[in-house]
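The sequence and the model are shown below.

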Amino acid sequence: KPGEQKHPKEPSSLQCMHLAVVACGDRLEETLIMLKSAVLFSNRRLCFHIFAEDSLKPEFEKKLKEWPSSYTKKFESNIYPITFSVGNAQEWKKLFKPCAAQRLFLPVILKDVDSLLYVDTDVLFLRPIDDIWHILKEFNSTQLAAMAPEHEIPKIGWYSRFARHPYYGTTGLNSGVMLMNLTRIRSTQFKNSMIPGGLTWEEMLYPLYQKYKNYITWGDQDLLNIIFYFNPECLYVFPCQWNYRPDHCMYGSNCRGAEEEGVSILHGNRGVYHDDKQPTFKALYEVIRDFPFEDNLFQSLYYPLQSKFLDTVHTLCGRIPQVFLKQIEKTMKKVYENRVIVYLGANHRY
């Protein structure tokens, strides 16, 4: 921009793609598998911001150190305690799932971070984070966050049928994958239903919760829906393949983007990685969990996945295996090509 000074070198926080997650209770393994999927496929360096209960902190540190150095050099990690800057911490903690409301406070806590991708613990990346990170550049001048719709079809969507509070659009938003420009969030005055003027993000959170707490079912996700109902110009809407959930295939296939391009980010909500209700989701989770880091991706990840999928073809989600495999296959080919080229290049020099 005119008048801005050019810095010879970006600070490391800008060279990083920032990824935040909130982990409490029994979510240690799930969070580590999510981080593993991020590291397996990403190109640029990652900065992990892990918000966890005190008892989980040493576990995270220990497990991340056990990863091979070829992967640990691709990221840096910071682990934070669970804290709420406004209102009653015990109330926030009890809102929906333990600690989930922590995500509402990320713009306030991570003051030096410009942009951030927040994901739930039950998310798996099937392509490089770099690809979703590029969407930040697509934001127009008023957009400061991106989320996918909660549903594609209003007549079977939860919000359109049951919500007792304002929500975004015709089907509401799912907050399990949320891309944020934190700098913009911190400097914006948000329209709201409480005072005629605007409020900052931090000023708005607790009064908003107090006003709607008897009407919300999904906790922090409902609060985000209320915020963007009053500020629709602030939101960029992702297509469904960036937050693909069992709802997209268990009532028949209703995510066209995934049918055309494949699933980019898998979101195994409803606990589907840990029961037998959606074996296709569970298969992906287990294959990434069991993948030995240094092994060949096709041999030890893609082929086991294909054979596990054969056992799921009788299920609604399992009938469309190509939807789950398309992006992951494309990504692995790229990773493989890059390694081969780097390897050949290195040999060629000597």
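## Basis of the description

Axes are lines fitted to C-alpha atoms, for helices over the stretch in contact, and angles between N-to-C directions run from 0 to 180 degrees. The model discussed here is predicted.

## The sheet

Seven strands form an open sheet with mixed pairing, in the order β3-β2-β1-β4-β7-β6-β8. Its edges are β3 (75–80) and β8 (235–237), each of which pairs on one side only. On average, and with direction ignored, neighbouring strands of the sheet are turned by 25° against each other.

L46 has F75 of β3 as its bridge partner.

## Helices on the sheet

Helix α2 (residues 28–41) packs on the sheet, where it touches β1 (17–23), β2, β3 and β4 (115–119). The direction of α2 makes about 165° with that of β1.

Helix α3 (residues 57–65) lies across β1, β2 and β3. Relative to β3, helix α3 runs at about 170°.

## The contact of α2 with α13

The axes of α2 and helix α13 (residues 279–290) come within 9 Å and cross at roughly 75°. Angles of 65 to 115 degrees count as roughly perpendicular, and α2 and α13 are therefore roughly perpendicular to each other.

From α2, the contact involves E29, E30, I33, K36, S37 and L40; from α13, it involves Y285, I288, R289 and D290. By class, the residues of this contact comprise four nonpolar, one polar and five charged.

Definitions and conventions: Residues are numbered from 1 along each chain as its sequence is written. This is a predicted model: local features need pLDDT of at least 70, side-chain atom pairs count only at pLDDT 80 or more; totals for chains, interfaces and linings use all residues. Side-chain values use heavy atoms; hydrogens and water are left out. Two strands pair if DSSP finds at least two bridges between them. Helices (H or I, at least four residues) and strands (E, at least two) are DSSP runs, numbered from the N terminus. Contact means heavy atoms within 4.5 Å. Angles under 35 degrees count as roughly parallel, over 145 as roughly antiparallel, 65 to 115 as roughly perpendicular and the rest as oblique. Ala, Val, Leu, Ile, Met, Phe, Trp, Tyr, Cys and Pro count as nonpolar, Asp, Glu, Lys and Arg as charged, and the others, Gly among them, as polar.
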